[in-house]
Amino acid sequence: MWDVVMEQSRRVSWKDIRNWLFFLTVVLIRKGCFAQVRYSVSEEQKEGTIVGNIAKDLGIDHRTLNERGFRIVSSSSDTLFRVNRNDGILYVNGQIDREAICEQSSACVINLKFVLESPLEIHYVTVDVVDVNDHAPRFPQNETRLEISESALAGARYQLQAAHDPDGSVNSVQTYKLSSNDHFRLEVRDHGEDGKIPILVLQKTLDRETTKTQQLLLTALDGGRPPRSGTMNLYVDVLDVNDNMPVFTKDVYSVRLNENAPIGTAIIQVNATDLDEGANGEVIYSIGKNVNNKLRKLFDIDPITGEIFVKGAVDFEVKDSYEIDIQASDKGVAPLTTDKSVIIKIVDVNDNAPEMEITSFSKAIPEDSRLGTTVALISVNDMDSGPNGKVSCSLSGDIPFKLMQSLQDNTYSLTTNAPLDREVTDTYEITIVAKDAGQPQLSSEKTLTVSISDINDNVPRFVNTPYMFYVTENNVPGDSVFSVSASDRDINQNGIVTYHICRDCGSEDNKYTSFLNINSENGNVYALKSFDFETMKMFKFQVVAADSGTPSLSNNVTVTVFILDQNDNTPVILYPVSTNGSAEGVEEIPRNVNAGHLVTKVRAYDADVGYNGWLLFSLQEITDHTLFSLDRYTGQIRTLRPFTETDEAEHKLVILVKDNGNVSRSATAVVKINVVEPKEAFASSDVKSTAAIDGESNVTFYLIVTLGSVSVLFLISIAVLVAMQCSKQSDFSTKYMQDTNYDGTLCHSIQYRSGDKRYMLVGPRMSIGSTIVPGSNGNTLVIPDRRRRASMEVRR
């Protein structure tokens with residue numbers, strides 16, 4: 001009893017060791033991004049059985065497997081296994097049946113491919129499925145009958161049907177046993193792929209009269225421990241005299257056959273002869289009993305002629321050669337048979353186009369990728385052989401990529417071959433063409449989409465460089481006065497532009513940035529205080545546009561701001577002015593003066609320019625309209641007629657001085673005129689008259705000098721404008737012309753340029769070939785862009 005228990009214990013221990021002990025052979029080839037690992041696993045293992053730790057054997061940190069996208073790809077057997085992406089352990093996924101996977105192959109190998117996406121790596125894992133003796137040998141039939149003539153001599157050999165065992169290697173059929181008898185012994189012949197075939201050998205001649213039928217038991221044993229067996233009953237019927245067997249005319253039959261040969265194609269004809277006469281000498285042909293069903297579906301033989309022909313589809317990629325047993329039998333009562341092997345070698349035809357498998361990045365490629373950066377791995381395969389299976393790959397089109405052949409056969413890497421620029425091309429459709437070397441040549445192609453991701457490699461660009469803006473004085477503090485705009489060719493964060501004013505650029509103009517602010521998102525510039533044309537005519541500052549990339553890129557632009565005048569100054573009376581500061585004066589004239597006599601001249605000044613500073617004089621109040629006149633442009637008061645005895649001796653003139661602004665401003669002056677008798681005037685004011693005449697002469701002289709200076713400055717300005725227009729310079733700096741000896745009758749002028757038009761704000765006595773610009777409040781003149789000058793007097 002103890003011996004039985006120990007024996008069962010040994011069997012259980014051996015089974016556990018055989019099922020759970022794995023022979024791990026790791027061959028790691030690290031060239032580029034390829035490595036190979038080999039494992040062994042027994043069939044019939046339970047689901048969840050550990051095959052091996054791939055991450056450990058490949059030297060990969062298991063903590064990075066999830067992040068790098070570790071997975072099994074492109075394998076018809078990948079459902080048999082699964083990998084844990086947390087620890088890299090490979091498990092059995094379902095029951096593995098070696099016989100279903102590899103049939104009777106001596107070695108059962110499953111090739112798995114594993115990929116790591118970032119960075120891209122491919123590893124190959126080979127799993128050897130170790131056979132388990134889980135099948136017993138089985139004969140095609142439970143019993144068979146064999147007819148042997150009684151004249152058969154000792155040593156006659158009879159091939160029997162072989163048993164079949166789905167297991168491989170040592171677990172397949174290894175030997176046969178024959179039940180004990182006096183007339184037969186058993187030999188076993190190794191028939192290559194068809195396994196071991198039992199042959200019945202006659203040791204002692206048969207005597208039909210003694211024994212008509214002999215019953216034998218044939219047993220097939222495999223090489224398992226313990227071995228499994230199968231049996232078949234063999235009945236030998238003893239016949240009478242047919243003592244010559246058919247003999248084939250050739251020792252060896254071999255032929256070449258193109259794959260895909262049409263059904264019915266004749267392959268080869270065998271021939272056998274029999275020296276017997278009559279039915280014992282007539283030979284018929286058949287496929288040998290041990291030829292499997294798959295072979296019988298491919299080939300057949302004519303029983304009369306011995307011609308072998310194609311019966312099914314022959315494919316070189318399935319098998320490149322076949323060995324068929326042909327049996328020649330006579331028609332005797334106890335027919336004699338002879339077996340002969342016919343070898344058919346299949347010739348490859350280029351009937352398979354190359355197949356491609358592409359493993360690429362799942363994310364976009366940065367546009368600053370270095371030359372030679374790997375984008376994808378391409379594996380090509382052609383099931384044909386020789387030149388028909390030799391494949392070359394190429395790219396179509398002019399693209400910044402190239403194919404590099406890897407160290408492993410039929411594997412290419414797609415790499416960058418030129419600099420990438422997302423702003424030029426953000427997506428590439430790459431067509432890969434694979435061609436074999438067969439005749440005719442077969443090819444296939446696949447298209448790979450490669451996206452280019454953005455980097456911050458473009459600085460913001462302003463719409464204008466530099467900027468010039470015109471702002472009217474007395475603006476409302478806090479309102480937007482103008483805006484700048486910049487764009488960035490990059491996208492996302494790299495293309496988001498923000499603005500700020502450069503307040504520490506080291507320029508003298510930076511003192512004006514303290515009363516400016518800018519919206520960082522849209523570039524609107526706000527003035528924090530009102531501008532005063534009379535205090536500041538123009539200023540400059542710099543705006544910086546920066547993107548939101550890392551690191552941030554920026555660009556700056558110079559902004560020039562011109563202040564435009566508004567009518568915000570009231571005319572100031574220069575003469576007459578009384579001692580107390582009021583605009584009031586007293587003039588005395590003789591009664592005998594003639595018509596047109598200059599009584600006095602009202603002088604006024606306006607700090608504004610252009611029409612805002614152009615002053616006009618008018619009589620607002622007068623005692624006698626028939627005696628005095630007022631020149632509206634010069635402010636001169638003259639007599640209209642001689643005085644009569646009936647005219648009053650005192651006259652009062654209230655003079656209104658008004659500018660020409662949109663909303664005009666004005667001031668008044670009062671001139672009192674006393675009319676005296678000539679003798680009194682001469683006697684009392686001889687010296688005074690002389691001084692007045694001298695003063696008037698001096699004023700006239702100064703006025704002539706002032707008019708001449710203004711005219712010269714005006715001509716010089718016109719010449720400069722014409723010269724600048726001829727040179728077509730885009731930048732036109734503002735010039736201001738002022739009369740230093742202003743006498744109240746001439747106003748200032750200002751010239752400036754905006755775009756392709758030039759503007760001039762003028763006074764009443766300037767003659768310019770120009771037209772008034774709509775919307776300029778009547779104060780702005782547009783100077784036509786021509787070389788000739790036309791003269792016209794601009795009046796109210």
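This report describes a predicted model of one protein chain, from its overall make-up to selected local features.

## Basis of the model

Residues are numbered from 1 along each chain as its sequence is written, and side-chain values use heavy atoms, with hydrogens and water left out. In this predicted model, local features need pLDDT of at least 70 and side-chain atom pairs count only at pLDDT 80 or more, while totals for chains, interfaces and linings use all residues.

## Overall composition

The protein chain contains seven helices and 54 strands; helices (H or I, at least four residues) and strands (E, at least two) are DSSP runs, numbered from the N terminus. Of its 796 residues, 45% are buried, that is, under 20% relative accessible area, with exposed meaning over 50% and partly exposed in between (1.4 Å probe, protein chains only).

The chain exposes about 41900 Å², and carbon and sulfur atoms supply 50% of that area. Accessible areas come from the Shrake-Rupley method with a 1.4 Å probe; for residues, only the protein chains shown count as cover. Among contacts (heavy atoms within 4.5 Å) with a separation of 6 or more, 65% are between residues 24 or more positions apart.

## A four-stranded open sheet

Four strands form an open sheet of mixed pairing, in the order β33-β40-β39-β36; two strands pair if DSSP finds at least two bridges between them. At the edges lie β33 (467-472) and β36 (497-502), each of which pairs on one side only. Neighbouring strands of the sheet are turned by 30° against each other on average, direction ignored; the axes are lines fitted to C-alpha atoms, for helices over the stretch in contact, and angles run from 0 to 180 degrees between N-to-C directions.

Strand β33 runs parallel to β40 (residues 554-564), and six bridges join the two. T472 has L564 as its bridge partner in β40.

## The surroundings of L146

L146 belongs to strand β8 (residues 143-149) and is buried, with a relative accessible area of 13%. Leaving aside residues up to four places away in sequence, L146 touches Y158, L160, L200, L234, Y235, V236 and D237. Its C-alpha atom is separated by 8.4 Å from that of V238, 92 residues apart along the chain.

## A nonpolar surface patch

V572 is located in strand β41 (residues 572-575). This residue is partly exposed, at 44% relative accessible area.

Together with L574 and Y575, V572 forms a nonpolar patch on the surface, with about 250 Å² of accessible area in total. Patches are made of residues with over 30% relative accessible area and no salt bridge, like charges being joined within 9 Å and nonpolar side chains (Val, Leu, Ile, Met, Phe, Trp, Tyr) within 5 Å. A salt bridge is a side-chain nitrogen of Lys or Arg within 4 Å of a carboxyl oxygen of Asp or Glu.
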